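Subject: A structure for you to explore

Hi there,

Here is the structure I promised to pass on. Have a look at it first, then read my notes below.

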Amino acid sequence: MKINWFKYSSPQTFYPLAGKMIPWFAWLATILAIAGLYISFVIAPTDFQQGEAYRIIFVHVPAAWMSMVIYIVMAAWAGLGLALNARLSAMMAQALAPTGAIFTLLALVTGSLWGKPMWGAWWVWDARLTSELILLFLYLGFIALQSSIDDPRRADRAGALLALVGVVNVPIIYFSVKWWNTLHQGSSINMGAAPKMAATMLLGMLLMALAFWMYTVAVGLMRVRCIMLERERSADWVKALSLGAK
Amino acid sequence: MQWASWSAFFNMGGYALYVWVSFGLTLLCVVWEVLALRKRSAQALRLSRLLAQE
Amino acid sequence: MNEAWIIVLKRDLLLAFRRRSDVATTLFFFLIVSSLFPLGIGPEAAVLSSIAPGVLWVAALLAGMISLTRLFAADFADGSLEQMLIAPQPLALLVLAKILAHWIVCGLPVVLLAPLIGLQYALPNESLLVLVWSLLLGTPALSLIGAIGAALTLGVRGSGLLVALLVLPLYIPVLIFGAGAVAASQHGMSAQAHLSLLAACSILALVLAPLATAAALRISVE
């Protein structure tokens, strides 16, 4: 069976298709989040070292994972858009960036909320928090570049190139921050190693991460629909849609 | 079941502030993002309706 | 065969020589920024020498960055950039020549001035030597990575600030290894590992950055 991908990549056909997909992903996200929250608050036992405060990892770690996954997915869409000159891919990349930035911000804030009772300080230059901060800068740079270029075609392609450059740099930045951290902090408390990873905890984090992932897909599709409407404002299908919507 | 009572659950072993603020902020971001996107979509549709009616 | 890039290099150097104030601006900026810190922190030699690696490297980073927007702007304005895009020579090579000229004009003077400022920060002699080495190995990477940002923001409103936002996060590894090398020498450790990593960064940037910059220029000019 051969699917005509180019047919689905035109905004006019993708817009209603995305509209049908959004509720499915939203429901999946809700169900997974309920299951994840049930495990993280009811099933998972109290940590003998950290007490109940460790339950923050059920939102902190998935948010941190997602912030990285979204950056990679965003760069992949951007690269695809650049290689195939596909508008839809570039719009996908643009649609994912704000959600990625929000997850990065959440990972930072929840990390700091976890750090306060654990380390006694709101901010510690720990390797993970520092890399998250840099990742936030990368997201902000991508968003700022795209929003300051008026021509959408140029904005797409410039953003794509920046995302690709960023994705090449992320491992190097991560390695250098780790290196810097081990040199300057020695053997201080490490976030990742603090709670012994029990199977239930891992399951809870995985479920929450999957819920975030499904949420990201739903919200990304919502945003890509907005971008399509805004870019094709004067196209006939958008006009017809807007007249039918009321 | 980990919790003796509802108040113990809400108290989170004394870490209520940190735990509930973390989860609350996450929920807030999710709700805000969805609402903002709905508004953005409605606005875009309204604008192109104006364009269409011209 | 590829003499075009030598011509571009010579031309850019000649232009920079005619407008010497540009070079002076970068140097003065480096000098001023690194002189502000003792005024803000206090003149204690122990404190100053402990912050010196980070401060001098950050000052070098910023000094290299402020001149980035000029890298392609003049050529873009007078149309010679478009000539380079359609030239038979590979664009990446011509871009590399421009980046090399930028480094000679803006990077090298900072490398040469740094030990003097290091003296003001009470750095011992062997650390001064490591400082020069680290800057010599690291600043090419700054020019190379910065060129990508300069090309992406060519002709965009507010490009000066935008370049900072795009480029500074990418400079972080160079900063860590560069400042780390000087700090290691201060603590009596070998700076070999840091310097090797710094050289690795520069080599990687040398391979990839001209290609990315060339692609960015094509996106920006078309």
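One definition before we start: a helix here is a DSSP run of H or I with at least four residues, and helices are numbered from the N terminus. Please keep in mind that this is a predicted model.

Let's begin with helix α4 of chain A, which covers residues 87-119. Along the way, α4(A) bends by about 25° at A:Ala97, with a proline, A:Pro98, following within four residues. Is this helix mostly covered or mostly uncovered? It is mostly covered, as 25 of its 33 residues are buried. After α4(A) comes A:Gly120, which has a positive phi, near 80°.

Now for how the chains meet. Two pairs of chains are in contact, and chains A and B share the most contacts. Chains B and C, on the other hand, do not touch: their nearest C-alpha atoms are 24 Å apart.

The contact between chains C and A is made by 21 residues from chain C and 23 residues from chain A. On the chain C side, α7 (125-152), α8 (159-186) and α9 (192-221) each supply at least two residues. Which of its helices gives the most? That is α8(C), with 10 residues. Sorted by class, the side of chain C that touches chain A has 17 nonpolar residues, three polar ones and one charged one.

Enjoy exploring!

How values were computed. Residues are numbered from 1 along each chain as its sequence is written. Chains are lettered from A and ligands numbered from 1 in the order in which they are written. This is a predicted model: local features need pLDDT of at least 70, side-chain atom pairs count only at pLDDT 80 or more; totals for chains, interfaces and linings use all residues. Two residues are in contact if their C-beta atoms, placed from the backbone, lie within 7 Å. Ala, Val, Leu, Ile, Met, Phe, Trp, Tyr, Cys and Pro count as nonpolar, Asp, Glu, Lys and Arg as charged, and the others, Gly among them, as polar. The expected span of a helix is 1.5 Å times one less than its number of residues. The bend at a residue is the angle between axes fitted to the seven residues ending there and the seven starting there. A residue is buried if 20 or more other C-beta atoms lie within 10 Å of its own, exposed if 12 or fewer, and partly exposed in between; C-beta atoms are placed from the backbone.
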